[in-house]
Amino acid sequence: MMKKVGDVILCLLALAVPSLARADSVWVLKPSTLTYHVSHPLHHVEGVSHAARGKGECHAGICNFLAAVPVKSFDSGDTNRDLHMLQVVRGAQFPLVVVRTQLPESDLKGGSIEADLTVTFAGETAHYQRVPLKLVPEGKDLRVVGTIPTTVSDFKIKPPELLAMPISNNIPVDVDMTWEER
Amino acid sequence: MDSRALKLAAQILLFSQIVCTTVRAQNSGATLSGTVTDASGSPVSNAKIIVSNVFSGQTADTRSDASGHYTISKLGSGSYEMTVVAEGFPSAAYRAVLASGSAKTLNIQLVNPAGDSADSASPAQSSGQEPSLSGLGFPSSMIKGNPKEQALLNKRSHMLQIHQKLGMITVGAMVAALIASPGAKGHHGEPGGATGRNVHMALGATTAGLYAATAYFALAAPRVPGVKVRGPIRLHKAMAWIHGPGMIMTAVLGAMAYSQLSNGERVHGIAKYHSTAAIVTAAALGTAVFSVSYKF
């Protein structure tokens with residue numbers, strides 16, 4: 001009789017922790033686009049990078065994603081501006097922008113989600129809670145689109161000036177990433 | 001239902017209650033433990049380990065014992081940033097993700113002050129369940145910082161900021177000199193008074209001096225190797241081939257015109273082109289400023 005009870009309990013435990021039965025999965029970032037926006041009273045500047053690399057690892061229903069992009073890979077169309085940006089954001093000393101997030105594996109099916117992001121940039125780390133992201137399944141790939149509401153003050157960056165006028169504190173970054181499941 | 005069946009049901013219910021209570025107890029707090037060692041693998045005692053929940057802000061700390069072992073318990077689930085501080089070592093940062101009620105082992109190997117590692121530039125290292133920067137395939141030069149390159153960029157930006165400010169002052173002085181020019185030339189073909197000439201000459205000389213200083217800070221700013229010049233800055237630099245010689249010509253012709261007027265003569269010869277040279281120089285300088293001020 002006790003053996004039967006033991007079997008029942010084992011079954012109950014197996015049902016209670018279904019995540020243990022799930023297989024791990026790995027995601028790799030395909031060529032993607034990140035665009036920062038800088039506003040100045042005289043003009044608006046966009047810098048684009050296609051050099052991001054990333055990886056995601058899922059275990060027991062929880063996925064940890066890491067994406068990084070070299071600061072110097074952002075191109076605003078003007079060498080002088082890019083070099084000045086690199087200096088202002090301490091890009092030679094801290095060459096990568098790193099974004100980390102943790103998502104339930106169930107969120108990866110697609111749709112609109114809110115993610116908690118940890119961004120490390122210019123030697124500082126900032127946390128952004130409930131950032132709206134749109135996840136669009138494209139075959140085996142997953143396209144992620146959204147905007148990270150970054151500001152220069154979050155990373156202790158002194159706003160650069162042009163003609164004695166500083167840029168706006170807001171430097172939102174648009175992300176358009178495609179992750180491939182492997 | 002007979003008494004045996006009722007007894008069995010009661011036993012299952014009781015057992016389930018015990019299991020559930022145990023599970024709840026385990027879920028009440030996660031535990032993080034491990035061993036702190038140095039680069040040679042020897043235990044590091046009295047190292048302070050501080051963990052901070054990224055979102056809730058919950059913090060906890062402990063110290064490693066004589067065998068380097070540490071344990072922090074009763075932690076909530078979530079992402080944690082972990083800082084390890086030990087005497088004689090640079091502080092190290094790690095990350096850990098704790099599930100509710102879990103027990104995670106995170107062994108920490110501190111890097112010697114003179115040591116180095118591929119992830120040394122990253123603010124946080126993986127706890128094992130998270131992907132790491134070193135696994136993304138970036139060259140190590142991209143992961144590590146380069147303080148020398150940063151110093152070069154800082155010097156370059158500092159000099160170009162002075163260039164920019166001096167340039168704006170130069171434009172102001174040049175505009176003032178242009179406004180004062182009728183006082184030097186006079187009216188209806190008659191030479192102007194000495195005061196008008198002197199004011200114009202003083203403003204012109206000030207403009208030339210400021211221009212020289214502005215140009216110095218642009219020319220002496222360090223170059224960044226391997227950078228191909230692109231964008232509106234090319235027009236800004238191209239304009240220097242006009243306003244540079246133009247500024248010299250304006251000054252030389254202005255001195256000639258000043259001398260002629262001071263001798264009671266009318267401006268003649270190539271000195272007549274002082275105004276033209278000044279206007280072309282001002283236009284080129286204005287275009288140079290405009291090219292880096294507006295996006296087009």
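**Where two helices meet**

Modeller: Let's start with helix α2 (residues 79–88) of chain A and helix α3 (residues 147–185) of chain B: their axes come within 9 Å and cross at roughly 120°. Before going on, note that this is a predicted model, in which local features need pLDDT of at least 70, side-chain atom pairs count only at pLDDT 80 or more, and totals for chains, interfaces and linings use all residues. Residues are numbered from 1 along each chain as its sequence is written, while chains are lettered from A and ligands numbered from 1 in the order in which they are written.

Helices (H or I, at least four residues) and strands (E, at least two) are DSSP runs, numbered from the N terminus. An axis is a line fitted to C-alpha atoms, for helices over the stretch in contact, and angles run from 0 to 180 degrees between N-to-C directions. Angles under 35 degrees count as roughly parallel, over 145 as roughly antiparallel, 65 to 115 as roughly perpendicular and the rest as oblique. So α2(A) and α3(B) are oblique to each other.

The crossing of α2(A) and α3(B) is also left-handed, a label used if the near helix is turned anticlockwise from the far one by less than a right angle (clockwise would be right-handed). From α2(A), the residues making the contact are L83(A), H84(A), L86(A) and Q87(A), and α3(B) brings L153(B), N154(B), R156(B) and S157(B). "In contact" here is for two residues whose C-beta atoms, placed from the backbone, lie within 7 Å. Sorted by class, the residues where α2(A) touches α3(B) are 3 nonpolar, 4 polar and 1 charged. For the classes, Ala, Val, Leu, Ile, Met, Phe, Trp, Tyr, Cys and Pro count as nonpolar, Asp, Glu, Lys and Arg as charged, and the others, Gly among them, as polar.

Let's zoom out to where the chains touch. The contact takes 40 residues from chain A and 40 residues from chain B. On the side of chain B that touches chain A, the elements giving two or more residues are α1 (3–27), α2 (140–143) and α3 of chain B. Your helix α3(B) supplies the largest share of that side, 8 residues. By class, the side of chain B that touches chain A has 23 nonpolar, 11 polar and 6 charged residues.

What about α2(A) on its own chain? Chain A has 2 helices and 11 strands, which run α-β-β-β-β-α-β-β-β-β-β-β-β from the N terminus on. Of the 182 residues of chain A, 36% count as buried. A residue is buried if 20 or more other C-beta atoms lie within 10 Å of its own, exposed if 12 or fewer, and partly exposed in between, with C-beta atoms placed from the backbone. Among the contacts in chain A with a separation of 6 or more, 59% link residues 24 or more positions apart.

A nonpolar core is a set of buried Ala, Val, Leu, Ile, Met, Phe, Trp, Tyr and Cys residues joined through C-beta atoms within 7 Å. The largest one has 47 residues, and those with the most contacts inside it are A52(A), A67(A), A68(A), L86(A), L96(A), V97(A) and M177(A). The elements that give this core two or more residues are β1 (25–39), β4 (62–70), α2, β5 (96–104), β6 (111–121), β8 (141–148) and β11 (173–181) of chain A together with α2 of chain B. The largest share, 6 residues, comes from β4(A). In soluble globular proteins, nonpolar side chains tend to be buried together.

One last stop is A60(A), in the loop between β3 (53–59) and β4 of chain A. Most residues other than glycine have a negative phi. A60(A) is not a glycine, yet its phi is positive, about 55°. A60(A) counts as partly exposed because there are 16 C-beta neighbours inside 10 Å.
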